[in-house]
Amino acid sequence: MTPERVTIYEVGPRDGLQNESAIVPVEVKAEFVRRLLAAGLPVVEATSFVHPKWVPQLADAADLMKMLGDEGRELPVLVPNERGLDRALELGLRHVAIFGSATETFAQKNLNRSLDEQFAMFEPVVRRARDAGLDVRAYVSMCFGDPWEGAVPVEQVVSVGRRLLDLGASQLSIGDTIGVGTARQVTELIDAFGAEGVPTNRLAMHFHDTYGQALANAYAALDRGITTFDASAGGLGGCPYAKSATGNLATEDLVWMLTGLGIEHGVDLDAVVATSVWMAGHLGRPSPSAVVRALAESPA
Ligand code: HMG
Ligand code: MG
């Protein structure tokens, strides 16, 4: 059941940098994106068109996308609402991602909307984006636990995910925003989506590594046939509206495991490690990725 090939959806420039306290100059961000693409990452989520006061780290989103030029147009960006979509359309971008919450509290904290209101905000975004020929991904956050509400019922996650797909999203990214999930939950959730008619090829997994479970969870999802995994170079990341969130599953840790399993991914590990070491210099803190630390000290 384990797939022969997976797609790594790199979120370091967006999910990673949105939560770093260091201000990263836009030229450095552009070079980060270019280096990740050059390392063979097939998708690099570049930034977010959210309110700049909500995420000041990504306030330079338009400048970054202009700097990336033609190369940037094929890269996905987050847009929560029509204002965000307008900003993406003005730049001729082709891929956007909306981001919903499986819980009431996080919908309020992250989107300033209730759980139900978030769909009203997303509906015109997806409709207009699709009419303009754009691809729309949808995230669901807090799928395995929420810092304010605790355990999140599987049916609630599936219901939110189903509603986002019904709006017209092509893929659902299942977010363990605060990294509390464990392998059995992952398997149960994928199976619950399957029982509701959502096949594994519509799902991506988005693990944060707060409790050190991200790689085990990715393995469980692989075993269930999932073929798209979100990861961030060097394990950067978190969410500014959920303080208990830390970095994503590190791209290098995922690549190491996939290579060992004989699963194709198309990524040059040494090039990603070199990029993460370079970025750590700009951020002023070492990468939390075990693979980066191992290879940076004694390159393979
Ligand atoms: P709001 O305050 O309710 O917005 O925020 P509003 O619709 O009432 O508008 C207020 C003002 O903001 C208006 O300006 C709008 O034009 C402006 P005014 O008329 O007062 O001058 N505005 C904007 N400006 C620029 N870009 C925009 C935009 N929208 C409104 N897009 C809003 C609602 C959704 C905008 C806000 O809550 C927000 O920006 N939230 C983003 C939070 C965020 O980015 N969180 C991190 C990403 S999610 C994540 O990391 C999880 C994920 O990784 C998966 C996982 O791990 O689970 C994806
Ligand atoms: Mg995230």
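Which residues are buried in α11? In this predicted model, the buried positions of α11 are L269, V272, V273, T275, S276, M279, A280 and L283. The helix covers residues 269-283, a run of 15 residues. From first C-alpha to last, α11 reaches 21 Å, close to the 21 Å expected at 1.5 Å a residue. Viewed down the axis of α11, the buried residues fall within an arc of 160°, so they line one face of the helix.

D268 is found in the loop between α10 (251-261) and α11. Its relative accessible area is 40%. Buried means under 20% and exposed means over 50%, so a value in between is classed as partly exposed. D268 is therefore partly exposed. A polar atom of the D268 side chain lies 3.2 Å from the backbone nitrogen of D270. D268 and T182 are 86 residues apart along the chain, and their C-alpha atoms are separated by 29 Å.

The ligand site was examined next. There are 27 residues around ligand 1, and Q18, H51, N81, S141 and T177 come nearest. Polar contacts to ligand 1 involve both side chains and backbone. An N or O atom in the side chain of T177 is 2.5 Å from an oxygen atom of ligand 1. For Q18, a polar side-chain atom lies 2.7 Å from an oxygen atom of the ligand. G84 contributes through its backbone: an N or O atom there lies 3.4 Å from a nitrogen atom of ligand 1. Taken alone, ligand 1 exposes 1100 Å², and the protein buries 75% of that area.

The shell around ligand 1 draws on several elements of secondary structure. At least two residues each come from α1 (12-16), α4 (82-90), α5 (104-111) and β6 (135-141). Helix α4 gives the most, with three residues. By residue class, the shell divides into 11 nonpolar, 11 polar and five charged residues.

Two backbone positions stand out by their phi angles. Most residues other than glycine have a negative phi. N112 has a positive phi of about 60° although it is not a glycine. N112 is placed in the loop between α5 and α6 (115-131). M142 lies in the loop between β6 and α7 (154-167). Are these residues buried or exposed? N112 has 47% relative accessibility and so counts as partly exposed. M142 has a relative accessible area of 0% and is therefore buried.

Further buried positions occur in a loop and in a strand. T103 lies in the loop between β5 (95-101) and α5. With a relative accessible area of 0%, T103 is buried. T103 and C143 are 40 residues apart in sequence, yet their C-alpha atoms are 8.3 Å apart in space. M205 has its place in strand β8 (residues 203-207). At 2% relative accessibility, M205 counts as buried. From M205 to R285 the C-alpha to C-alpha distance is 27 Å, across 80 residues of sequence.

Conventions. Residues numbered from 1 in each chain as written. Chains lettered and ligands numbered in written order. Predicted model: local features only at pLDDT ≥ 70, side-chain atom pairs only at ≥ 80, totals over all residues. Heavy atoms only, no water. Near = heavy atom within 4 Å. Polar contact = N/O pair within 3.5 Å; in protein donor to acceptor, adjacent residues only side chain to side chain. Areas by Shrake-Rupley, 256 points an atom, 1.4 Å probe, with all protein chains shown as cover. Helix = DSSP H or I, 4+ residues; strand = E, 2+ residues; numbered from the N terminus. Nonpolar A, V, L, I, M, F, W, Y, C, P; charged D, E, K, R; others polar. Expected span 1.5 Å × (residues − 1). Buried < 20%, exposed > 50% of the residue type's maximum accessible area, 1.4 Å probe, protein only. Arc of directions from axis to C-beta.
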